[in-house]
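Please read the points below with the model open beside you. They go from single residues to the whole assembly.

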Number of protein chains: 2
Amino acid sequence: MALSKRPYKGTRDFFPELKRGQDFLFKKMRETAHLFGYEPYDGPLLEEVDLYRAKSGEELINDQIYSFVDRGERHVAIRPEMTPTVARMVAQIHREVAKPIRWFAIANLMRYERPQKGRLREHWQFNCDIFGAPEGQGEVEILQVAISLFNNFGANENHFEIRLNDRRIVDFIFKKLLKLNAEASLKLYKIVDRAKKVSPEALDKMISDMGLSSDQNTIFEDYLKVDSFGDLMSFLSAHDYHEHDTLTSFVNQMDEMGYLPYLKFDPTIVRGLDYYTGMVFEIFDKHPENRRALCGGGAFADLLKIFDEDPLPGVGFGLGDVTLMDFLKVHDLLPNFARPKNDLFVSFQTADAKILALKLAKDLRALKLNVITTLEPLKFKKVFPTAEKKGARFVALFGDKELEENSVQFKNMQTKEQKEFSLGDMDKIVEFLR
Amino acid sequence: MALSKRPYKGTRDFFPELKRGQDFLFKKMRETAHLFGYEPYDGPLLEEVDLYRAKSGEELINDQIYSFVDRGERHVAIRPEMTPTVARMVAQIHREVAKPIRWFAIANLMRYERPQKGRLREHWQFNCDIFGAPEGQGEVEILQVAISLFNNFGANENHFEIRLNDRRIVDFIFKKLLKLNAEASLKLYKIVDRAKKVSPEALDKMISDMGLSSDQNTIFEDYLKVDSFGDLMSFLSAHDYHEHDTLTSFVNQMDEMGYLPYLKFDPTIVRGLDYYTGMVFEIFDKHPENRRALCGGGAFADLLKIFDEDPLPGVGFGLGDVTLMDFLKVHDLLPNFARPKNDLFVSFQTADAKILALKLAKDLRALKLNVITTLEPLKFKKVFPTAEKKGARFVALFGDKELEENSVQFKNMQTKEQKEFSLGDMDKIVEFLR
């Protein structure tokens, strides 16, 4: 039986058009990271499962990672996320290097997902992290990096918003105001996390299952209604919480720097339970047809603890290529990648001119021109359609006449200007082709 | 117990210095591919094991691949090589697209190796393939691409050589001259493949174990002594083989194009047994301390057969990042990647200038300058050492005086020129920083 030509479930075959699109995303990611002086890193495709067990939560380990036992009896997993890897790497070197540490990666990751729009089993993720920044400053910079990335694709506050919360505030509400123990607090975290993903009835049901008192219920429902920083401050004041200086000064600084239009307080943003200890955020598409999270991140205080290292505060985010591509498509912010781009298509119309043509291509490549050639004589009428498909700016033609005169005809595909050059006039040829 | 900070056996943690080096390799690979009009592709990290079973040989399946059964009972493997994936992808589209198809990928691959110099469990590989080229022309172009890649790193015929052979000639010798059946021929292929990797005694032992007749032995030993194209022609003529037109015309064309100094006939190059049906080659480092294969490839006639598709001839090569990096190191062809490169390091000496400093950074990033900032007041004496570590070309300073005057001091790190600008004079600032 013939083998299947389809890719493995939930993964993509990147044919050139799709790969050019992905390369465009990667280029903007790298450029943005470099604008802020973030340095590139990468880690192994496989990590020991223990690394994820220590940090990523049981749901990931039990249901979502690709794990197996290797031939040397090591229990390993294909990386489902980069944070454990970056933590492991930073743990190796943080004592020797100046702070802050600013790193970024663009890495392929796998999760055992049920494939759906915006969610595949394999995706590529842009990760940025800053470690050891002064209190509150890593948050400002990391959000700037994220906003700049979107700006660099041509997106602004009409296209996306950043929904923010702070785990310290949620902790205060759950533990001090609602007086929940650790277990009940965890349960309520999970309910909050799902609040916008389920129907209002299902949400009510989950909350009533918590068995909160009527006072607790009132506070919790009031909290869920908070939808601006101003509201939040009133809510917290009403409940005698006055330790929100970090959040206030963060919001002020973002305001002074002109980023306030991007920010929105959202009580339902709590992120996973395992890393984050301070600010948490998600970037949402504002397009009515694609209202989904594009990026998530936050601040963590003790990611290095599992390696017995001293605490080193960090802030970071991860942003996947699948959802980013959907975002750019729905907002019409993507160039067309259907065709490649080449400087020159070299053709020859007579077999004897082959070497002449291929040598010209060789010489022009040495001058850094991207040159695609035909490899057998090409009929004149096929030359221009082929050149167009190959996205060539110029065409070279070698017929009997050119062979005899040791010359070449060039045509500018856009202006249609045509010109003959002696093959000895390389300077003039290059000037024409620039 | 604290978790291990080490990466999984046989894999690398790419700290920024190493990652910058790898990015340098990737950039040259992409640039070289684009010089020849090769289009980018990529495939999934996982493929079904059946794909490798069909094409890659039992040694790979049994000893070298990372395979496991997924949660949906699919037997899958982390890709150990790209050729099966590219074959699967080309099989999907070859009927609809113009030939030749020119594709390249830079992909991470894993094999269960015993880690040693130049050989790790995870590496990245540059793959270039051309499908559907006219007879003999794909070989010329693919070798040009490979040679150009090395040239683009500054390497020439003093640094590396291409060792060539042709499976059709080896087949003729084994089957027609030595009159071996398929099984014995396969055995001898394996011996030839190992000829230069074992001691002369071990080689003699392997050959004598074949139980060849004295006539067979003479022919085989004569063959192993062939070490130039001229020798080969004499050897083949002496044995009445006259079907070497393809090889002859290939060598002539490479000569006319100026590539002959790179080529060397090598009777021991046969490559794996599974794909190749025509020319085969390996690129070798000529450095006495690093005489190893850097790249391997060849021509294949029927890679698409396993998908029940019509034959489509192809030629391709794969080149790994680990051996390439070793090659560039031993020949001193690598830039220094110890430090990042930034345009500007923005510092402030007084806390009140923070927002001014960060806003300047923001404005300059919008003009595509790479700007790294301090996030808290930095003592004057620490400014220049920090800027140097960050590879900054310029430094910005904000003290009390600048804060008062709404100005900024810039210093060119190379020329030491220092200049003050009003923060309103953005045009002049940018001019100074270019």
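1. Pro100(A) sits in the loop between helix H4 (83-93) and strand E5 (101-110) of chain A; helices (H or I, at least four residues) and strands (E, at least two) are DSSP runs, numbered from the N terminus. The peptide bond leading from Lys99(A) into Pro100(A) is cis, with omega near -5°. In chain B, the bond from Lys99(B) to Pro100(B) is likewise cis, with omega near -5°, and Pro100(B) is in the loop between helix H4 (83-93) and E5 of that chain. As background, most residues other than glycine have a negative phi, and most peptide bonds are trans.

2. A note on the source: this is a predicted model, in which local features need pLDDT of at least 70, side-chain atom pairs count only at pLDDT 80 or more, and totals for chains, interfaces and linings use all residues. Residues are numbered from 1 along each chain as its sequence is written, while chains are lettered from A and ligands numbered from 1 in the order in which they are written.

3. Two residues have a positive phi although neither is a glycine: Asn406(A), at about 55°, and Asp308(B), at about 60°. Asn406(A) belongs to the loop between helix H15 (400-405) and strand E15 (407-412) of chain A. With 10 C-beta neighbours inside 10 Å, Asn406(A) counts as exposed. Here a residue is buried if 20 or more other C-beta atoms lie within 10 Å of its own, exposed if 12 or fewer, and partly exposed in between, with C-beta atoms placed from the backbone. Asp308(B) is in the loop between strand E10 (293-300) and E11 of chain B, and counts as exposed with 11 C-beta neighbours inside 10 Å.

4. Is Ala184(B) exposed, partly exposed or buried? It has 17 C-beta neighbours inside 10 Å and therefore counts as partly exposed. Ala184(B) is part of helix H7 (residues 182-194) of chain B. Its C-alpha atom is separated by 8.8 Å from that of Phe174(B), 10 residues apart along the chain.

5. Strand E6 (residues 122-131) and strand E11 (residues 314-320) of chain A are antiparallel and share seven bridges. One residue pair is Asn127(A) with its bridge partner Gly318(A) in E11(A).

6. How many residues of strand E6 (residues 122-131) of chain B are buried? The count is 10 of the 10, so the strand is largely enclosed by the rest of the structure. Glu122(B), Trp124(B), Phe126(B), Cys128(B) and Ile130(B) point one way from E6(B), while His123(B), Gln125(B), Asn127(B), Asp129(B) and Phe131(B) point the other way. In a regular strand the side chains alternate between the two faces of the sheet.

7. E6(B) has antiparallel partners. With strand E5 (residues 101-110) of chain B the pairing covers 10 bridges, and Ile106(B) has Phe126(B) as its bridge partner in E6(B). With strand E11 (residues 314-320) of chain B there are seven bridges, and Cys128(B) has Phe317(B) as its bridge partner in E11(B).

8. Chain A has 16 helices and 16 strands. Its radius of gyration is 28 Å, well over the 22 Å that the globule rule gives for 434 residues, so chain A is more spread out than a compact globule. That radius is taken over C-alpha atoms, and the rule is 2.2 Å times the number of residues to the power 0.38. Of the 434 residues of chain A, 44% count as buried.

How values were computed
Pairing = 2+ DSSP bridges.
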